[in-house]
Amino acid sequence: MKKEFEKYMLNQLETLINIPSPTGYTKEVSDYLVKELESMGYEPYTLNKGGVICQLTEGDNALMLAAHVDTLGAMVKTIKSNGAIIVTPLGGLNACNVETETVSVITRNGKKYEGTFQLENASSHVNKGLGDIVRTFDSTLELLLDERVYSKEDTKKLGIETGDVVAVNPRFTITESGFIKSRFLDDKASASILLTIAKAIKAGELKTSRKVYINFTVYEEVGHGAAAGIPNDVRDMISVDMGCVGNGLNCTETQVSICAKDSSGPYNYDIVSDLVSTAKEAGLNYAVDIYPFYGSDVDVSLKAGYDIRHGLIGPGVYASHGYERSHIDGLINTYELLYFYLK
């Protein structure tokens with residue numbers, strides 16, 4: 001991968017990460033994607049549900065590459081008598097993974113208020129039973145606003161209401177050793193890779209004889225991201241999402257993961273075989289894995305009735321749905337697998 005494309009990919013990753021986009025609140029990130037693709041000379045379009053689709057090349061045997069840009073988040077559920085907020089999660093946000101995290105509460109009139117997820121009675125000098133409490137959004141974890149609010153009425157005077165969006169601050173950083181630490185690498189890491197593929201094609205760096213679309217979906221975290229909007233001529237679809245890293249799996253953060261099977265069943269045997277062959281021939285650092293608790297956009301497309309062959313790849317990501325970690329090499333290996341697969 002050329003350094004100019006690597007730099008672009010990492011810049012896009014940081015930009016996308018820092019655009020709040022919990023599921024259901026994705027217009028800002030969709031608008032950004034449209035402008036970025038238009039600046040390259042493409043003609044992207046936005047689906048009614050908010051996803052962004054862009055045709056990159058002409059040809060037959062159309063392939064769609066899909067990544068999602070919606071993230072985990074939360075929504076104001078109720079306001080407590082002390083002015084603190086009880087939230088309901090958007091997607092698989094886990095109360096155990098966000099205790100002490102800073103957040104932004106975004107009201108419907110566009111105001112933003114900072115706050116922190118804390119356990120009720122969180123001072124250890126007051127509450128000696130902190131370690132014994134089960135963390136749940138419904139009862140024990142609350143969102144404390146960084147405002148002088150001491151009652152439900154105080155909080156409501158700020159304009160905060162049930163249904164307002166809560167975005168967890170991502171804390172993006174890249175270490176000197178190349179590790180990328182941030183929330184929402186799932187799946188903005190792969191979204192940045194697809195933007196880089198688009199840039200490489202427009203620059204003439206990557207040439208392919210088949211038609212290629214990219215699809216940035218916005219409801220993946222709640223299970224219907226790619227259930228609609230796929231062009232009729234698409235024959236193959238590959239979700240470019242996160243590769244799982246954990247006990248019993250082969251992948252590490254520096255590799256590209258090729259998924260053979262997830263919780264919905266096996267991926268298309270020929271697609272998986274072609275991806276493995278491409279990785280071998282290109283000398284890439286890759287792993288083949290089975291994900292035990294995972295569902296992808298392309299799984300949803302099949303369930304929606306699309307007659308397509310399907311696959312799933314992505315850079316290795318550890319601590320998924322928490323404060324995640326990947327590596328620049330994992331993103332590069334994923335980019336290069338797509339690069340050589342398209343060639």
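The dialogue below concerns a predicted model and treats a sheet, a helix pair and ring contacts in turn.

Student: In E19, what is the bridge partner of phenylalanine 179?

Tutor: Strand E11 covers residues 179-182 and pairs with E19 over four bridges in the antiparallel sense. Within E19, phenylalanine 179 is bridged to histidine 327.

Student: Are H2 and H5 roughly parallel or roughly antiparallel to each other?

Tutor: Helix H2 (residues 27-40) packs with H5 at about 15 degrees, the axes being 10 Å apart. The contact involves Leu33, Glu36, Leu37 and Met40 of H2, together with Leu195, Ala198, Lys199 and Lys202 of H5. Angles under 35 degrees count as roughly parallel, and the two helices are therefore roughly parallel.

Student: The charged end of lysine 202 sits over the ring of which tyrosine?

Tutor: Lysine 202 is one of the H5 residues in the contact with H2. Its charged end is 4.4 Å from the centre of the ring in question, which belongs to tyrosine 42.

Student: Which residues do ring pairs link into a cluster?

Tutor: Across the whole structure, a search finds four aromatic pairs. The cluster linked by ring pairs consists of Tyr335, Tyr339 and Phe340.

Conventions: Residues are numbered from 1 along each chain as its sequence is written. This is a predicted model: local features need pLDDT of at least 70, side-chain atom pairs count only at pLDDT 80 or more; totals for chains, interfaces and linings use all residues. Side-chain values use heavy atoms; hydrogens and water are left out. Rings of Phe, Tyr and Trp (its six-membered ring) pair if their centres lie within 6.5 Å; planes under 30 degrees apart count as stacked, over 60 as edge-to-face and the rest as tilted. A charge sits over a ring if NZ of Lys or CZ of Arg is within 6 Å of the ring centre and within 35 degrees of the ring normal. Two strands pair if DSSP finds at least two bridges between them. Axes are lines fitted to C-alpha atoms, for helices over the stretch in contact, and angles run from 0 to 180 degrees between N-to-C directions. Angles under 35 degrees count as roughly parallel, over 145 as roughly antiparallel, 65 to 115 as roughly perpendicular and the rest as oblique. Contact means heavy atoms within 4.5 Å.
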